[in-house]
Amino acid sequence: MTSSSTDTPAPVLVLVPGAAGAPNDGSAPYRLADPAVPQLSITDLVATRGDGIFETIGAFDGRPINVGPHLARLARSASLLQMPAPHQETLLAAIDAAIEAHADVPELTIRVMYTRGIEGAGTPTCWIDAHVSDDWALYRRGIRVAALDRGLSTAVPETSPWLLPGAKTLSYAVNMAAVREAKRRGAQDALFVATDGYVLEGPTSTLLVRRGDTFLTTPVSAGVLPGTCVTTLFTALQDEGHEVREQLMTVADVAGSDGAWLLSSTRLAAPITHLDETELPLDLELTERFEALLSGRA
Ligand code: PLP
């Protein structure tokens with residue numbers, strides 16, 4: 001056994017055969033399973049085509065954050081991919097079961113995976129895994145970001161909805177390739193830029209930009225994922241009297257802003273210190289407040 005396998009609590013796996021409604025054979029809608037045992041069929045369409053959707057939820061001190069909005073977004077992705085609607089109550093109970101079965105840890109990552117299922121079966125395959133989150137401490141102090149051409153325009157939702165802009169699909173190979181390219185350029189993460197010059201989102205995160213007392217993000221209509229974190233922060237910032245809104249922005253707009261962050265549910269708020277070679281203002285106090293709000297520890 002390696003030292004990490006003894007130090008890190010074991011991951012938890014919950015299989016959810018009832019994710020799109022009660023299973024035909026009358027069995028339980030979800031059950032714990034052994035994550036060390038193979039569970040996925042090689043004919044599952046996620047294995048052969050990358051055809052499926054997912055959500056990643058953060059749980060802090062045992063409390064999952066924004067579960068309702070995550071499951072609503074899963075339902076939205078299912079609808080965009082013309083997949084059966086996920087059964088919200090079953091997934092809620094299965095997520096709770098995964099957290100309950102996992103050792104108590106400060107930061108847990110819960111992935112809800114929902115595939116088109118075994119070829120010909122017409123029933124989604126669904127599982128939930130819970131594992132200790134990566135250590136994001138350094139990212140939360142600041143990241144260098146490389147602006148990368150996404151090769152698609154902000155008109156894609158209008159012109160080519162079959163490209164599935166804004167759906168959280170399991171075809172993330174392109175997103176992971178972008179992170180590798182960013183690292184090759186000496187950055188930690190990427191910011192996608194549309195062919196018409198507007199910034200979109202990170203490969204696994206939403207862009208938040210500060211301009212004076214106003215906080216901005218990319219419009220969902222430009223083809224980005226509707227982020228749960230940015231919604232949480234917008235609500236809090238608005239309550240404090242700040243203006244918040246969606247707005248198309250160029251790379252120069254972000255580089256010349258009063259601060260920018262990449263937001264996501266387990267990494268939380270990662271402030272951008274540099275966009276390519278341009279240094280951005282860094283506000284670690286505000287970043288810590290964002291972290292508290294996003295982790296539910298505020
Ligand atoms: N955009 C993309 C492409 C993502 O993959 C993610 C998170 O996984 C986000 C944005 C941020 O979403 P959330 O704030 O709900 O974690």
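**Aromatic rings in close-up**

The structure, a predicted model, holds five aromatic pairs. A pair of aromatic rings is described by the distance of the centres and the angle of the planes.

**View 1. The aromatic pair of F215 and F290.** The ring centres of F215 and F290 are 6.3 Å apart, and their planes make an angle of 75 degrees, an edge-to-face arrangement. F215 belongs to strand β10 (residues 214-217) and F290 to helix α9 (residues 284-295), so this pair ties together parts that lie 75 residues apart in sequence. Both F215 and F290 are buried.

**View 2. The aromatic pair of W261 and F290.** Here the ring centres of W261 and F290 are 5.1 Å apart and the planes stand at 70 degrees; because planes over 60 degrees apart count as edge-to-face, the pair of W261 and F290 is edge-to-face. W261 is found in strand β12 (residues 260-264) and F290 in helix α9, so the pair ties together parts 29 residues apart in sequence. W261 has a relative accessible area of 2% and is therefore buried. F290, with a relative accessible area of 1%, is buried.

**View 3. The aromatic cluster of F215, W261 and F290.** These residues, F215, W261 and F290, form one cluster. F290 pairs with F215 and also with W261.

**View 4. Arginine residues over aromatic rings.** R150 is placed over the face of F192, at a distance of 5.0 Å from the ring centre. R267 lies over the face of W136, and here the distance from the ring centre is 5.8 Å.

Conventions. Residues numbered from 1 in each chain as written. Predicted model: local features only at pLDDT ≥ 70, side-chain atom pairs only at ≥ 80, totals over all residues. Heavy atoms only, no water. Phe/Tyr/Trp six-rings, centres within 6.5 Å; stacked < 30°, edge-to-face > 60°. Helix = DSSP H or I, 4+ residues; strand = E, 2+ residues; numbered from the N terminus. Buried < 20%, exposed > 50% of the residue type's maximum accessible area, 1.4 Å probe, protein only. Lys NZ or Arg CZ within 6 Å of the ring centre and 35° of its normal.
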